[in-house]
Amino acid sequence: MPRLLLRAGLTSSGIMTVADVIAQNIERQVLGSTPEKPREYDPHRTVRFAVVGLTLHGPYFQRGFAMVDRHFGQSLLHGKPAWTVIGKKVLSTQFALNAPFMVLLFGWMGMLEGRREGVEIWDNVVQKWPAAFWAGNLFWPCANFLNLRFLGPQHRVAYVAACGALCALKKGHREPV
C-alpha cells in the first residue's frame, strides 16, 4: 500500500505542478501586469501545489476511493453498469470524501502560505470552504460519475487531479477545487 500512496502522491503532485504553471501563465496574460501591480510567476505557489498533491490530495483520494470501492463493491456486474452502486459511490465521494478533503486542503494550504495560529488556519477554511463546497456540488458529482463508471481504480487519482486542475484553470481559482 505505501507504494500506491507514493505513486498517487507523485501523480497528483505532477498534475498540480503543471496546472499551476499554466494557470499562472494564463493569469499573467489575461489579467495583465502593470508597474503598479506586477504579476510575475510565483514559484512558491507552485511548490505549495506540488506539496499538497504529494502529501494530501494523492494519498487521500487513493485511500478514499479504495475505501468506497471496498464498501460498495464493483461498478460493473456481469459486464454491465451497476447503477445503484455507482450512484451510492458518487454520493459518498461527494459528501464523505470531498467535503472533508476541502477542510484539510484549505487548512494545509493556509499553513503552507504561512499561517501559524490555529485561528488563522481555521479562518482560511471558513472563508473558502462554503463557496468551494457549493460550487463542487455542481461539478464533482458529474465528474465522479464518469470516474466511477468508466475508469479503473488505478486511474482515479490522476483523473480527479486533472479535473480539479482543469476546473481551477477555467475558473481562475488559486486553489484546486
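Analyst: Helices (H or I, at least four residues) and strands (E, at least two) are DSSP runs, numbered from the N terminus. The model is predicted, so local features need pLDDT of at least 70 and side-chain atom pairs count only at pLDDT 80 or more, while totals for chains, interfaces and linings use all residues. Residues are numbered from 1 along each chain as its sequence is written, and side-chain values use heavy atoms, with hydrogens and water left out.

User: Where is Asp123, then?

Analyst: Asp123 belongs to helix H4, residues 118–150. The C-alpha atom of Asp123 is separated by 9.1 Å from that of Gly110, and the two residues are 13 apart along the chain.

User: Is Asp123 buried, partly exposed or exposed?

Analyst: Asp123 counts as partly exposed, at 44% relative accessibility. The classes are buried under 20% relative accessible area, exposed over 50%, and partly exposed in between (1.4 Å probe, protein chains only).

User: On to salt bridges. How many are there?

Analyst: The count is five salt bridges, where a salt bridge is a side-chain nitrogen of Lys or Arg within 4 Å of a carboxyl oxygen of Asp or Glu. One of them pairs Arg45 with Glu27, with the closest N and O atoms 3.0 Å apart. Because Arg45 lies in helix H2 (residues 43–72) and Glu27 in helix H1 (residues 2–31), this pair ties together parts that are 18 residues apart in sequence.

User: Are Arg45 and Glu27 buried or exposed?

Analyst: Arg45 is buried, with a relative accessible area of 3%. Glu27 also counts as buried, at 10% relative accessibility.

User: What does Arg156 pair with?

Analyst: Arg156 forms a salt bridge with Asp69, and the closest N and O atoms are 2.4 Å apart. That pair links distant parts of the chain, since Arg156 is in helix H5 (residues 156–171) and Asp69 in helix H2, 87 residues apart. Both Arg156 and Asp69 are buried.

User: And what about Glu113 and Arg115?

Analyst: Their side chains meet in a salt bridge at 2.4 Å, N to O. Glu113 is partly exposed at 32% relative accessibility, and Arg115 is partly exposed with a relative accessible area of 25%. Elsewhere, salt bridges that share partners join Asp20, Glu27 and Arg45 into one network.

User: Changing topic: how far does H2 reach from its first C-alpha to its last?

Analyst: H2 has 30 residues and reaches 41 Å, close to the 44 Å expected at 1.5 Å a residue. The expected span is 1.5 Å times one less than the number of residues.

User: Where is the kink in H2 centred?

Analyst: The kink is centred on Gly53 and amounts to about 45 degrees, the bend at a residue being the angle between axes fitted to the seven residues ending there and the seven starting there. Just after H2, Gly73 takes a positive phi of about 90 degrees.

User: Where does H3 bend?

Analyst: H3 bends by about 35 degrees at Thr93. Helix H3 covers residues 83–112, and its 30 residues should span 44 Å at 1.5 Å a residue; the end C-alpha atoms are 40 Å apart, which agrees. Just after H3, Gly114 has a positive phi of about 110 degrees.
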